[in-house]
Amino acid sequence: MCGPVDFGALQTCIINLAALSLAAIIAYGVCRAISFYRKHNSKRERPEEKVLTHLPCGLAVRDSGERSNS
Amino acid sequence: MGALNIFENRAVKLTVVSPKEVALGAALGGAGALLFLFVFPKGSISTLMHVLRVPGPGSGIALVVGPFLVLLVLVSSLLSPAKGGALIASMAFAVSYTLVVRLFGIATDPKGAFGSASFVAAIALFGLAAETVMALSGALSQVWQCVLTGALANTVLLVFYWLVIFPRTVGWVKWKDIPLLTGACLVCGLVTGFVAWRVSAPLARAVKEKE
């Protein structure tokens, strides 16, 4: 019905597919770990944010280095 | 006059494919060809279809080869902003696959005529179909574009195999098997199109961040 049966080829196919999936999962995990480590490091290196609490009406200006668009 | 204006507007909107985008599509196509050769050695797809007891010929194309190509071509198309990404990736896949198979003398399944001129023609037609559907469904949202392209391009590939390749290698498909295989082909194309859309979103973000 579907041509000559070659179970060896099918076995190789499944093993290769499993190996590739494992490699992809490991690579994804490593990438996530690196990005988490970088984020964590950049948070630690950033100086403490200055918050002015004496402004009226509870307005607090954060000196985070961001520029406003207005 | 009105039709001419629409044509002109569309022509203006067409963007020229840059060498960088050509390289990206070609790299994806080449990598896809190597991956396909590695994962699916000679006879594995036929045996898988035999184990699953799916009627043939064409089940391997509808369930394995077509969806793999849909994934490859759609990811390439979504990563490059210019039109032509799908066609470039599919041509790169066909040419790389044929070159590697011929250079290294790798045995392939004679049923699918992998690595032959008709195989290259089939993949080129697939890429052209994908490109056309993507261009014509521009008004739809990206997810619907991907789903529609996946389903239609997969069906075009299957029909080409039924009409041109299988009659020379294994014989004509039986009439009673056509509805089941066409349905499976459409569903697999739809699902793979959706998966390609989901996968390409974070990939496109990563590429933009690097730029």
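Helix α6 of chain B contains the buried residues B:Phe119, B:Ala122, B:Ile123, B:Phe126, B:Gly127, B:Ala129, B:Ala130, B:Glu131, B:Val133 and B:Met134. These buried residues pack against α4 (59-79), α5 (85-104) and α7 of chain B. The model is predicted.

**Geometry of α6(B)**

- Helix α6(B) is built from 20 residues.
- From the first C-alpha to the last, α6(B) spans 28 Å, close to the 28 Å expected at 1.5 Å a residue.

**Packing of α6(B) with α7(B)**

- The axes of α6 (residues 117-136) and α7 (residues 142-169), both of chain B, come within 9 Å and cross at roughly 150°.
- Because angles over 145 degrees count as roughly antiparallel, α6(B) is described as roughly antiparallel to α7(B).
- The crossing of α6(B) past α7(B) is right-handed.
- On the α6(B) side, the contact is made by B:Ser118, B:Ala122, B:Leu125, B:Phe126, B:Ala129, B:Ala130, B:Val133 and B:Met134.
- On the α7(B) side, the contributing residues are B:Gln145, B:Leu148, B:Thr149, B:Leu152, B:Ala153, B:Val156, B:Leu157, B:Phe160, B:Tyr161, B:Val164 and B:Ile165.
- By class, the residues of this contact between α6(B) and α7(B) comprise 16 nonpolar, three polar and no charged.

**B:Ile61 in helix α4**

- B:Ile61 belongs to helix α4 of chain B.
- The residue B:Ile61 counts as buried because 28 other C-beta atoms lie within 10 Å, where the cut-off for a buried residue is 20 or more.
- Apart from neighbours within four places in sequence, B:Ile61 is in contact with B:Gly66, B:Leu157, B:Leu158 and B:Tyr161.
- Among these partners of B:Ile61 are B:Leu157 and B:Tyr161, and both of those residues also take part in the contact of α7(B) with α6(B).
- B:Ile61 and B:Lys42 are separated by 19 residues in sequence and by 14 Å in space, C-alpha to C-alpha.

**Contact between chains A and B**

- Chain B gives 15 residues to the contact, and chain A gives 14 residues.
- On the side of chain B that touches chain A, the elements giving two or more residues are α2 (19-39) and α3 (44-52) of chain B.
- Helix α3(B) provides the largest share of that side, seven residues.
- The side of chain B that touches chain A consists of seven nonpolar, six polar and two charged residues.

Terms used: Residues are numbered from 1 along each chain as its sequence is written. Chains are lettered from A and ligands numbered from 1 in the order in which they are written. This is a predicted model: local features need pLDDT of at least 70, side-chain atom pairs count only at pLDDT 80 or more; totals for chains, interfaces and linings use all residues. Two residues are in contact if their C-beta atoms, placed from the backbone, lie within 7 Å. Helices (H or I, at least four residues) and strands (E, at least two) are DSSP runs, numbered from the N terminus. Ala, Val, Leu, Ile, Met, Phe, Trp, Tyr, Cys and Pro count as nonpolar, Asp, Glu, Lys and Arg as charged, and the others, Gly among them, as polar. Axes are lines fitted to C-alpha atoms, for helices over the stretch in contact, and angles run from 0 to 180 degrees between N-to-C directions. Angles under 35 degrees count as roughly parallel, over 145 as roughly antiparallel, 65 to 115 as roughly perpendicular and the rest as oblique. A crossing is left-handed if the near helix is turned anticlockwise from the far one by less than a right angle, and right-handed if clockwise. The expected span of a helix is 1.5 Å times one less than its number of residues. A residue is buried if 20 or more other C-beta atoms lie within 10 Å of its own, exposed if 12 or fewer, and partly exposed in between; C-beta atoms are placed from the backbone.
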